[in-house]
Amino acid sequence: MQCAPNELLALLNRAIEARHRNSLDFDALAGNVVELEFLGFSGVRFLLEALQDDRVYEPHPGLRLHCAGGVWTAPSAGVSLLLHALVLIDQALWLANQHGALRFRFCGASHAPALAAEFVRAQQESWAMELRWPDPGGGGQWLMKAGARGAEPGLWLAEASEDGDGDVLFTLTEAGHSSATSVPGGFKILRGPAEFASSRQASLAGGLSIAESEWEELMRLGEGVLVESSEASRRGAGE
């Protein structure tokens, strides 16, 4: 089904708020899910997978970061990076502003593209991002790069058939550095800045495509706090 981005955002806010009123920043999390959909990832599916984990229902203290050998790591086995993306990107940008270029490594974490979505939403102008993560389907790895706002053009998504080390790697480099816009050897570019921009415009004009079963599950989660779709939001989705 097609839905306007603002209609999905409203439904996400209510669904997350109903389940985690005191433990999550549901506004930011909902915004990240919508941004993932804009980027071509199934943000709604990521969220529903994360909500199936009983640990989600406990207050989140955040991931405890430590630095060894110039790489920041955190115990992250089984952790959904979607639920921690807001705090992690804030921490990464603060650390980069204090210490310069840096790298994070997360072992066994899921929903890695959420870090890219939150980085894009941050709209900062000093740093460029590179994100690598293993293909959850087995074999190969994915790469996503994002330039700083106003410094480098847009986004890149690439894939490689050879396996990486199995961890999620997130790197910040100074905007304008030569490595900020180059794609490493062995990776095949799947989408570039023009494709991402065109896809976003199409989603804004015609709505986001969401599986009906996922929409119904969100409605079930937010039962009791939902409001009906407005006529304006339906028109925005092309209904």
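The predictor's confidence in each residue is called pLDDT, and it runs from 0 to 100. Colleagues, the structure above is a predicted model, in which local features need pLDDT of at least 70, side-chain atom pairs count only at pLDDT 80 or more, and totals for chains, interfaces and linings use all residues. Residues are numbered from 1 along each chain as its sequence is written, and side-chain values use heavy atoms, with hydrogens and water left out.

The protein averages a pLDDT of 82, and 83% of the residues score at least 70. Over residues 56-60, however, the pLDDT is below 50.

I turn now to the aromatic residues. Rings of Phe, Tyr and Trp (its six-membered ring) pair if their centres lie within 6.5 Å; planes under 30 degrees apart are stacked, those over 60 edge-to-face, and the rest tilted. By this rule there are four aromatic pairs. One of them joins Phe41 and Trp133, edge-to-face, at 6.0 Å centre to centre with 65° between the planes. Ring pairs join Phe41, Trp133 and Trp142 into a cluster.

Which residue has its charged end over the ring of Phe38? That residue is Arg200, 4.7 Å from the ring centre. The charged end of Arg191 likewise sits over the ring of Phe196, at 4.3 Å from its centre. The criterion is NZ of Lys or CZ of Arg within 6 Å of the ring centre and within 35 degrees of the ring normal.

Definitions and conventions. Contact = heavy atoms within 4.5 Å.
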